[in-house]
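Here is a short briefing to read alongside the structure.

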Amino acid sequence: MKLLARADTFMSFTVPEDEPKPTGVRRQVLAALSVSMGSLVVGFSSAYTSPALVSMTDRNYTSFEVTPQEASWVGGIMPLAGLAGGISGGPFIEYLGRRNTILATAVPFIISWLLIACASNIAMILAGRTLAGFCVGIASLSLPVYLGETVQPEVRGSLGLLPTAFGNIGILLCFVAGTYMDWSQLAFLGGALPVPFLILMFLIPETPRWFVSRGREDRARRALQWLRGRQADVEPELKGLLRTQAQADRHATGNQLVELLRRNNLKPLSISLGLMFFQQLSGINAVIFYTVMIFQEAGSTIDGNVCTIIVGVVNFIATFMATVLIDRLGRKILLYISDVAMIISLFTLGGFFYCKASGMNITEVGWLPLASFVIYVVGFSLGFGPIPWLMMGEILPAKIRGSAASVATAFNWTCTFVVTKTFRDMIDTMGTHGAFWLFGSICVVGLFFVIFCVPETQGKTLEDIERKMMGRVRRMSSVANIKPLSFNM
């Protein structure tokens, strides 16, 4: 406890009371909602296999055979393609721009869903999932970057969690619709979701920071004016962006790999990679991808589809709880709560499946899988769901943020692929109870990682975080301050 107190003292920071009030909030909300619609598509894509594989592997609904191994690839190919998308997303957002990169994913998303919906063989389904996964990888990188560079500090905390909230809405929508639709009908619904996303993206501007990085000062000024409102004085913020870019250009080596491997940059990058590792190795995507199957194997007394809807609702609600709590309790406290909740629920689930495999009578505790899943999802959504993505934008130095975020995103999708592709094999090898106990053990290690390695960033400017972590300071623009304005949702 002394160590924790000392760490908290070291990272303490007082937010000035005379913070400027945000201007043009309505337009920033529109920008956040527009890019968050892409996150809704991502959430729907991630959850698709959970309800779809049930009917896809049933010959009454499918004209071609889908073997268990092929079914595992339907779930596993998307995160593998997401890895490729995460790697490609870094160069895309630098050369095409943040908005154009996000916009460019809409049509491929539609094509991917049409490939799945009209599939006459497993190859078409895998092709559609691959294309969708590639777009998901790009979107998961570019959405938080766009918001970080357009939203003012006073509303960044609340609006910064909108993509996570909309992603959970996409998951919930998929679970609910999957109760009434087969895999093909569900894919047609998925093909309709990118349409409003495509329309909304045409209404918002490119980020001012990207225009500045390309030497387009007039375009940056117009973008800032749109985001901050017609009456706002954007010149001080624009000068800050120009000053930051000039300093970054002076220190740039021209080799991003050399920059990433510098000792000062390796520390924040390692923390971001560690958070991504423990986020995915907690088993979350195995739970989301195979929720219906897990409840069926549990022999739960509650219908599997009803259970998935309940899990989706809880996931959705818990995200808004995180929005309210994240700037009151801090990042580390929520990560502690998140990790402990996942440890308890995963070991409880493992115990349930062990008793079932041992032939014990579990009829009286048929509610236990659902209760454990609810606690697990609440815990994940409070901390390890949104915080690794939020802290990726907070702790990575501005000079390497694009390339480092690309590395962290690609690593996240690598872990996602490993977990989703091997989950079925893990169950076959060590039993369902062994798989959940393994995830729980990894969460125990993750708790120590948070205690000793993860800094508290609550209420700190990016400037202050960089000074504490790297021992140096660069002047940042006014956009760099973090003091979210809490919304009661």
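## The chain at a glance

Among contacts in the chain between residues at least 6 apart in sequence, 83% link residues at least 24 apart. Please keep in mind that this is a predicted model. Its secondary structure comes to 24 helices and 0 strands, and buried residues make up 57% of the 489 residues in the chain.

**Nonpolar cores**

- The largest nonpolar core has 51 residues, and Val35, Tyr48, Met56, Ile125 and Trp183 are the ones with the most contacts inside it.
- Helix 2, which covers residues 25-47, gives the most to this core, with 9 residues.
- Another core, of 46 residues, lies apart from it; Phe278, Ile343, Met391 and Phe439 are among its members.

**How helices pack**

- Helix 7 (residues 122-150) packs with helix 23 (residues 401-453) at an angle of about 135°, and their axes are 10 Å apart.
- That angle makes helix 7 oblique to helix 23, and the crossing of helix 7 and helix 23 is right-handed.
- On the helix 7 side, this contact is made by Val136, Gly137, Ser140 and Leu141. On the helix 23 side, Ala405, Ser406, Thr409 and Trp413 make the contact.
- Helix 10 (residues 183-192) and helix 11 give another pair to look at: their axes come within 5 Å and cross at roughly 5°.
- Because angles under 35 degrees count as roughly parallel, helix 10 is roughly parallel to helix 11.
- Gly190, Gly191 and Ala192 of helix 10 make this contact with Pro194, Val195 and Pro196 of helix 11.

**Gly85, a buried glycine**

- Gly85 lies in helix 4, which covers residues 68-95.
- Is Gly85 buried or exposed, and why? Gly85 counts as buried because its relative accessibility is 0%, and the cut-off for buried is under 20%.
- Setting aside neighbours within four places in sequence, Gly85 is in contact with Phe134, Gly137 and Ile138.

**Thr207, a buried loop residue**

- Where is Thr207 found? Look in the loop between helix 11 (194-201) and helix 12 (208-213).
- Thr207 counts as buried because its relative accessibility is 0%.
- Not counting residues up to four places away in sequence, Thr207 touches Arg98, Tyr146, Glu149 and Thr150.

**Salt bridges**

- How many salt bridges does the structure hold? There are 6 salt bridges.
- Arg98, a contact of Thr207, has a side chain that meets the side chain of Glu94 in a salt bridge (3.7 Å, N to O).
- Glu217 forms a salt bridge with Arg221, and the closest N and O atoms are 3.2 Å apart.
- Glu217 and Arg221 are separated by about one helical turn, because they are 4 residues apart in helix 13 (residues 217-228).
- Both of these residues count as partly exposed: Glu217 has a relative accessibility of 36%, and Arg221 has a relative accessible area of 24%.
- Arg221 also meets Asp218 in a salt bridge between their side chains (3.1 Å, N to O).
- Arg221 and Asp218 both lie in helix 13, 3 residues apart, which is about one turn of the helix.
- Through salt bridges that share partners, Glu217, Asp218, Arg221 and Glu235 are joined into one network.

Notes. Residues numbered from 1 in each chain as written. Predicted model: local features only at pLDDT ≥ 70, side-chain atom pairs only at ≥ 80, totals over all residues. Heavy atoms only, no water. Helix = DSSP H or I, 4+ residues; strand = E, 2+ residues; numbered from the N terminus. Buried < 20%, exposed > 50% of the residue type's maximum accessible area, 1.4 Å probe, protein only. Contact = heavy atoms within 4.5 Å. Core = buried A, V, L, I, M, F, W, Y, C linked by side-chain atoms within 4.5 Å. Salt bridge = Lys/Arg side-chain N within 4 Å of Asp/Glu carboxyl O. Axes fitted to C-alpha atoms, helices over the stretch in contact; angles between N-to-C directions. Parallel < 35°, antiparallel > 145°, perpendicular 65-115°, else oblique. Left-handed = near helix turned anticlockwise from the far one by under 90°.
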